[in-house]
Amino acid sequence: MEVSKEIMKMLQSVLLLWLFTISTVVDGYLIKVDAHDEECFHEWIAMGTTFSLTFEVAEGGFLDIDVKVIGPGNDMIYNGDRESNGKYTFAARVDGVHKFCFSNKMSTMTPKIIMFSMDIGEKPKEGIADTEGTVVYCEDHNNLQEMIKKLGTGLKGIKHEQDYMGVRERVHRAINDSTNSRVVLWSFFESLVLVAMTLGQVYYLKRFFEVRRVV
């Protein structure tokens with residue numbers, strides 16, 4: 001009976017640690033950015049918190065977009081031009097609102113479809129001081145917790161990779177369908193030209209022999 005209670009306590013501890021691990025905020029979006037337009041998203045992030053941005057241009061033009069990550073006070077954290085996809089991780093330098101912007105201002109008429117996700121990590125743990133002034137951290141650095149954290153990070157990475165591969169598959173399928181349609185239309189056009197040339201030659205030869213017979 002005591003063994004069962006200990007097992008139940010262990011399972012409860014594992015469950016709590018698991019819930020603590022997966023408490024990271026993950027937001028996924030699918031947006032449309034029109035030509036000469038820019039879309040920005042805002043997120044408040046605490047100093048020292050790690051955050052990542054994963055994006056993929058799914059449709060539109062040359063599948064490129066300008067990307068900016070701007071910190072508080074217009075601090076330029078990242079600036080990328082004409083990128084098709086990317087996966088970047090940063091650490092917040094100060095507390096405040098961070099902006100994630102996708103700009104399609106370089107496009108003259110083609111809108112872009114973008115899938116992206118923002119992964120906001122956990123806020124850094126604050127220590128508490130004991131009676132002797134020594135900082136004591138609340139987080140229990142044991143092997144089980146570290147293993148669960150690695151597992152949670154791996155699962156989130158797999159999910160992001162699956163989303164990325166899904167978008168890539170849709171993009172390549174659209175390209176293949178477009179190429180196949182163009183090949184079919186071109187073959188149909190060539191067939192029409194060939195039939196027209198054949199009929200023209202038959203008509204010309206028929207007229208030629210009719211003229212010779214009259215003479």
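A pocket is an open set of points on a 1 Å grid over the protein atoms alone, with protein on both sides within 12 Å along at least five of seven lines, and its lining residues have an atom within 4 Å of a point. The structure is a predicted model, in which local features need pLDDT of at least 70 and side-chain atom pairs count only at pLDDT 80 or more, while totals for chains, interfaces and linings use all residues. Residues are numbered from 1 along each chain as its sequence is written, and side-chain values use heavy atoms, with hydrogens and water left out.

**Exercise 1. Describe the second largest pocket by its lining, composition and volume.**

Solution. 

Step 1. The lining consists of A58, E59, G60, G61, L63, R170, V171, A174 and I175.

Step 2. Strand 3 (50-59) and helix 2 (143-214) each contribute at least two lining residues. Helix 2 gives the largest share, 4 residues.

Step 3. Classify the side chains: Ala, Val, Leu, Ile, Met, Phe, Trp, Tyr, Cys and Pro count as nonpolar, Asp, Glu, Lys and Arg as charged, and the others, Gly among them, as polar. The lining then divides into 5 nonpolar, 2 polar and 2 charged residues.

Step 4. The volume is the space filled by probe spheres set on the grid points, which are joined across faces, edges and corners. For this pocket the value is about 200 Å³.

**Exercise 2. Decide whether K68, F116, N74 and R82 are buried, partly exposed or exposed.**

Solution. 

Step 1. Apply the cut-offs for relative accessible area: buried is under 20%, exposed is over 50%, and partly exposed is in between (1.4 Å probe, protein chains only).

Step 2. K68 is partly exposed at 28%. F116, in strand 8 (residues 112-120), is buried at 1%; its C-alpha atom lies 8.6 Å from that of V57, 59 residues away along the chain.

Step 3. N74 is exposed at 64% and sits in the loop between strand 4 (65-71) and strand 5 (75-83). R82 is exposed at 52% and belongs to strand 5.

**Exercise 3. Relate the UniProt feature at residues 183-205 to the model.**

Solution. 

Step 1. The unreviewed UniProt entry places a "transmembrane region" at residues 183-205; such annotations may be inferred rather than shown by experiment.

Step 2. In the model, residues 183-205 are 100% helix and 0% strand, with the end C-alpha atoms 33 Å apart.

Key: 1 Å grid on protein atoms, 1.4 Å probe; cavity = no way out; pocket = protein on both sides within 12 Å on 5 of 7 lines; lining within 4 Å.
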